[in-house]
Amino acid sequence: MDIHALQQIVHKTRDARRKQTIPKFSPADRDQLIHKYHPDYRASAYRPIRFGPNIDEKTVVELATLLEGNSLIQDDVDLTPDYTTDVLVIGGGGAGCAAALHAHGAGAKVMLATKLRLGDSNSVMAQGGMQISVAPEDSPVTHFLDTLKGGHMHNDHDLLKAMVDDGPAIAKWLIELGVLFDRQADGNLHVKKGGGSSKPRLLTCSDYTGLEIMRVLKDEVLNQKIQLLEFCAAVELLSDENGQCSGAIFKDLDNHRFVVVAAKSVILATGGIGRLHIQGFPTSNHYGATGDGLCLSYRMGAKLAHIDTFQYHPSGAVFPEQLVGQLVTEGIRSEGGHLVNAKGERFVNELDTRDVVSSSIIRECEEGRGIRTMSGRVGVWLDTPLLDVEHGPGTVEKHFPAMLMQFDRFGIDISKDPVLIYPTLHYQNGGVKIDTNSETNVKNLFVAGEASGGLHGRNRLMGNSLLDLMVFGKRSGLTAAGRAGSMKQGKLTVQHLQRFRADAKKHGNLSNVISPMVLPAYTRKES
Amino acid sequence: MGVSPALPLMLHPLTGLRNMAQEDTNVIDQPEVMKPRMVSIEISGKKYDVPEGITVIKALWYTGQEVVRGAGCLGGFCGACATYYRTKDDPKVRTCLACQMAVQDGMSFTIMPPFPARKATYDIQTLKDPKQDLFNLYPEAPLCRNCNACTEACPQKIDVREGVWKAVFGDFKSVSEMFMDCVMCGMCTPVCIADIAPNLVALYVSRAQGAHFTEKPLGLDVRIKEIQDGRFNDEWKKILAMNEKELADHCATVK
């Protein structure tokens, strides 16, 4: 059928739906829903890791294969350093830029390496905002409790307290650098309510929050003349004779040569795993989100946390085909947008946590109340025109310019017609286990941002990622810089790799792939 | 590894099946997906046939090209895939983001290589007179000759020319609002006959607006001081001493 004909039910039921309130699930009902429908509970998608620091723990097959993968580097590699630095930051997104800027500000010699361009990341796409408890009726404690609840009580308390306590100072830092957060009439920061949060706490720059922050941080990295190594992918870390981290080896993606960097500390800020397309899901992630940091740390002996849980963002685009998997910001639901099934009914409190909302969308579709497309996809409606009805004409255009333009390019006016959505692979809830300085159990190896784990428990709350990046970028940068003055550069070896390979042999060998993946294999080989 | 979405065709991710319980009327028409028609396009001057309607970036993958430069967020936010294109029989060369544009028959395109624009360096926080400093940092900014090529080149539909003039006349607030959509693709720069890099000018202006001409949020300083002074310490002490059960019960009371 023509899409407009199918959309009629959304328009027809709008007024009736506006009068409804949908209660949140009780804890028992919520758990039952998630266990039945959330992709994290699809047992056949998981297998135990066969060796290494997380031996016998389960994760998705795609990630397990990479963690057990072989390194591109052989034992006889030439380890004469091409560069020597105090702090080596790997990754050019939000966490990487924050780490580099703080380490540089603390007086360390810093190098920032990234496999794509400076700034290419998921951070740049963050639309929903950044949770910081700045409102008078809010507090860091409430932020802590909301996050803990959203993470199903599995969050690391120390990391979480560090994040919520540091939040307001981060906002101040960003404002001083020129980030233009939305304001109230009295000049105070405007806060929006996010899914799973009891108080309005989201700082926003319309629906360009991540882009605005990244434009500024990237510019600042350039202004501070921090040494850059772009289009160089980290392919192995280096360790000294005590197993402490001492640098990294990169592959220059232009000339394919290895580049060896000696560093007193390494901060991995390599982001997430969306481009592994776990369980066949489309993803909202950027081109380089291939989990490189997880593989590199794992071979060094760093322990991973919560790597069996991933976030499937409730609203990934399903139609048009060109936008499949791309994000429809949660901001729409924050502002009151309804989720509507094929019968014109709401079926979940739209501001429940992401895992609950995603599970309920999957339930609707599995039980035959979804809307299908000819390409075999299925989804439910997100009633975007409701925002203009509710808050006055022009609301969508004013608050969601990015999303308006994204769909307008394909002839869809989201202020007039609802959009079809289905969960999209969005975020790895877990990652490399870190302490409050952002350091792993491998000394001088830090991990910051999405690549790290523990903070978000089993489900990250909307808006906590941008804050995570800034807080742990800062903590890792300051700790690494603070250490640099009083320590010597460690020896450069790949002894950890020899250990890893020996361990693999004992447990039935490495998987048949080279990891990290670096870039997804989208290029068609056969004709 | 995983499913290659270069030509996405995904069945239901959990069941691997189409849901047959539904009425067949409840399906959105997508004739272009059901019967993909091959169209002829030109990539950097070379002819290829690709399925109609796939994005420009997917056309690169489809034709066997390795993409390192020219792809970034794949969501229309990073400007890495800025592209020049022309449609069949139209002399007008337009711009787009390759991840946000569908190919059509007779289309010809080239990804824009990184353009060597000059970025001024500055310490945003210590600027004394940011509106005057603009002319030291970007002396070419006032030399705009009003040709409007920058505005026409912008894939984000920003009125770039207007923005440059507003910057020069010191209306930093308007510039910062107009350029909130800017993905820094830099398509406005190579077309400028006065050698202005409008996106970089606007970035400077927006940062100056934020750092120097925007009201300080007083509530934020209050909150920072409250944290420093330990206003929440008693509450923290109570919460961090709770066992798992107590904490879960306490969380349930937060509404």
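Predicted model: local features only at pLDDT ≥ 70, side-chain atom pairs only at ≥ 80, totals over all residues.
Residues are numbered from 1 along each chain as its sequence is written, while chains are lettered from A and ligands numbered from 1 in the order in which they are written.

**Domains**

- Chain A is assigned domain 1 (3-37 + 311-425) and domain 2 (83-309 + 429-498).
- The C-alpha centres of these two domains of chain A lie 30 Å apart.
- Their contact draws 26 residues from domain 1 of chain A and 24 residues from domain 2 of chain A; two residues are in contact if their C-beta atoms, placed from the backbone, lie within 7 Å.
- On the side of domain 1 of chain A that touches domain 2 of chain A, at least two residues each come from strand E13 (310-317), helix H9 (331-334), helix H10 (354-366), helix H13 (401-408) and strand E17 (419-428). Helices (H or I, at least four residues) and strands (E, at least two) are DSSP runs, numbered from the N terminus.
- E13(A) gives the most to this side, with 4 residues.
- By class, this side of domain 1 of chain A has 10 nonpolar, 11 polar and 5 charged residues. Ala, Val, Leu, Ile, Met, Phe, Trp, Tyr, Cys and Pro count as nonpolar, Asp, Glu, Lys and Arg as charged, and the others, Gly among them, as polar.

**Contact between chains A and B**

- Chain A contributes 90 residues to the contact and chain B contributes 85 residues.
- Elements that each supply at least two residues of the chain A side include helix H1 (3-18), helix H5 (140-150), helix H6 (157-176) and helix H7 (209-223).
- H6(A) provides the largest share of that side, 8 residues.
- The side of chain A that touches chain B divides into 47 nonpolar, 24 polar and 19 charged residues.
- E15(A) pairs with strand E1 (residues 27-28) of chain B in the parallel sense over 2 bridges; two strands pair if DSSP finds at least two bridges between them.
- Arg372(A) has Val27(B) as its bridge partner in E1(B).

**Helix packing**

- H6(A) and helix H8 (residues 218-228) of chain B pack at about 145°, with their axes 9 Å apart. Axes are lines fitted to C-alpha atoms, for helices over the stretch in contact, and angles run from 0 to 180 degrees between N-to-C directions.
- Asp165(A), Pro168(A), Ala169(A), Ala171(A) and Lys172(A) of H6(A) meet Leu220(B), Arg223(B), Ile224(B) and Ile227(B) of H8(B).
- The residues of this contact of H6(A) with H8(B) comprise 6 nonpolar, no polar and 3 charged.
- Within chain A, the axes of helix H2 (residues 27-37) and H10(A) come within 9 Å and cross at roughly 60°.
- H2(A) and H10(A) are therefore oblique to each other, given that angles under 35 degrees count as roughly parallel, over 145 as roughly antiparallel, 65 to 115 as roughly perpendicular and the rest as oblique.
- Among the residues making the contact are Arg30(A) and Leu33(A) of H2(A) and Asp355(A) and Val356(A) of H10(A).

**Sheet in chain A**

- An open sheet of 3 strands has the order E5-E7-E6 (chain A), with antiparallel pairing.
- Its edge strands, strand E5 (130-131) and strand E6 (191-192) of chain A, each pair on one side only.
- Gln131(A) has Leu202(A) as its bridge partner in E7(A).

Methods
Domains from an automatic or database assignment.
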